[in-house]
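Please consult the sequence and the model while reading.

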Amino acid sequence: MITSQILRGFSRGCHDKATLDVATIAKAFGEARDTAYKGVVRPVEGTILTVIKEVAIATEAALGSVKDPIEMLEVAVRAADEAVKKTPDLLPVLKQAGVVDSGGKGLFFILEGMLRHVYGESLETPTTMVHSLSAMDLQGALDEVEEGQDYEIVVDFVPTNELNLASFYARLEEMGTSIQVGEGEGMYRMHIHVPLEKRYEPIDYIMEIGTVTKVAIENLLAQMDDIQKSKQLQFTPVEPGSIAVVVVSPGQGLSRIFASLGVAAIVAGGQSMNPSTQDILNSFENLPTDKVIILPNNKNIVLAANQAKEVTVKHVAVVPTRTVPQGLAAMLSLAPEGELQAVADKMAKAMAHVKTGEITIATRTVEIDGVSVKDGQVIALLDGKLVVSAESVEQGVMELLEKANAGEHELITFFYGEEMPHGEANRIADVVREKYKSHEIEVQEGGQPHYQFIISIE
């Protein structure tokens, strides 16, 4: 809807013009901005609105120095690109999810497409990499949806008399949120989010002031359920006679990563929530193969994994991974069609090439291995050994990396826990990037409890 208002305003600014000169382009973008802002009851910065506003400001400012209309279009595209990059700083939910505003990015692509057409360039050449949805942190954004946004209502109507927008907005605000209004050729479109019990109120109200031509109702709760279902794990199908890998995972994010690497089953478990031998046994007994590899990923679960091996008729090998990063490294050496023990041996060798760091909070005052710790302090473990006590997670991370001689390695991956905000995880990763400029630094959702970070150093 907002895009339609941007285009309507732009069209109005070009009306009766045979040629787009620099003044017309600047005027058109100004009209686009003004029309878009009028259509939203409470404009939110950090969205497509901000992008069109910055484009209008930039083109108006360039009027004195730019004479070529193509160059003016270049000014607009650069302004849109810069505005999109700044959207996470203006809208916290974007920073939390680690993304830019999608509507604003879409407007940038439209403008960039216009410029490519002028230059005679292909519209199909990609200018940026786009992550798959499964890799995005949408849960954080969903947590920010306002209460009462159960249904989305869109109504097209023709008012009986001239529409008083101020009173129209005021009445709609009594019913819901996310109010947007568009207009074209005498027809209006109203968009609103409302709670369940008010889902028909906007329709009834608009029928009082005009003729309704079209109504659309979407159940937003059902949409959110669909998103959650889409995040369910998809395991690699197991062929008879091939090797199936079962892993123990402490968090949903880590489970998704393991699933993407080809595991056949996952057992929930980890620090303070060790699965039983029966839990591990149940995970693979019904798989259509007799060759199984178990990755316990925790020193306290190795025994249960070995016990499961002893009480099944299947051929089972236990690769004694003691940490999640070791398990991930081992998975990269999986050859499902290989000989069971040879594959297990290769996976065991692979896990030796990774160091594991863990950041958590001390639950008691103690001194271990010469490190004094107070209850409530941040502590860091390197391959299971306490090496650092710190006053902040950032300090703990930096000192841990020094203890691990991270400078001698190439890749550092942060798996952030369920209590670590995505934005804060990215901020700390940026601090690490500043110090280790030649390293590849990755941030992934781990979802594990107790640990702010599990860190893989390779």
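Two strands count as paired if DSSP finds at least two bridges between them; strands (E, at least two residues) and helices (H or I, at least four) are DSSP runs numbered from the N terminus. This is a predicted model, in which local features need pLDDT of at least 70 and side-chain atom pairs count only at pLDDT 80 or more, while totals for chains, interfaces and linings use all residues. Residues are numbered from 1 along each chain as its sequence is written, and side-chain values use heavy atoms, with hydrogens and water left out.

**The parallel sheet**

Four strands, in the order E6-E5-E7-E8, form an open sheet with parallel pairing. Its edges are strand E6 (265-268) and strand E8 (315-318), each of which pairs on one side only. Neighbouring strands are turned by 20° against each other on average, direction ignored. Strand E5 (residues 243-249) is joined to E6 by four bridges in the parallel sense, and Val247 stands opposite Ile266 in E6.

**The mixed sheet**

Six strands make an open sheet of mixed pairing, ordered E13-E12-E9-E16-E14-E15. Strand E13 (385-390) and strand E15 (440-445) have a single partner strand each, so one side of each is left without a neighbour in the sheet. From one strand to the next, the twist averages 20°. Strand E12 (residues 378-382) pairs with E13 in the antiparallel sense over five bridges, and Ser389 in E13 is the bridge partner of Ile379.

**Helices on the sheets**

Contact means heavy atoms within 4.5 Å. Axes are lines fitted to C-alpha atoms, for helices over the stretch in contact, and angles run from 0 to 180 degrees between N-to-C directions.

| H11 (residues 252-260) | E5 and E6 | about 165° with E5 |

Helix H17 (residues 422-435) lies across E14, E15 and E16 and runs at about 170° to E15.

**A buried histidine**

His193 belongs to strand E3 (residues 187-194). Its relative accessible area is 12%, so His193 is classed as buried (buried, under 20%; exposed, over 50%; partly exposed, in between; 1.4 Å probe, protein chains only). Residues touched by His193, not counting those up to four places away in sequence, include Gln149, Tyr151, Glu152 and Leu220.
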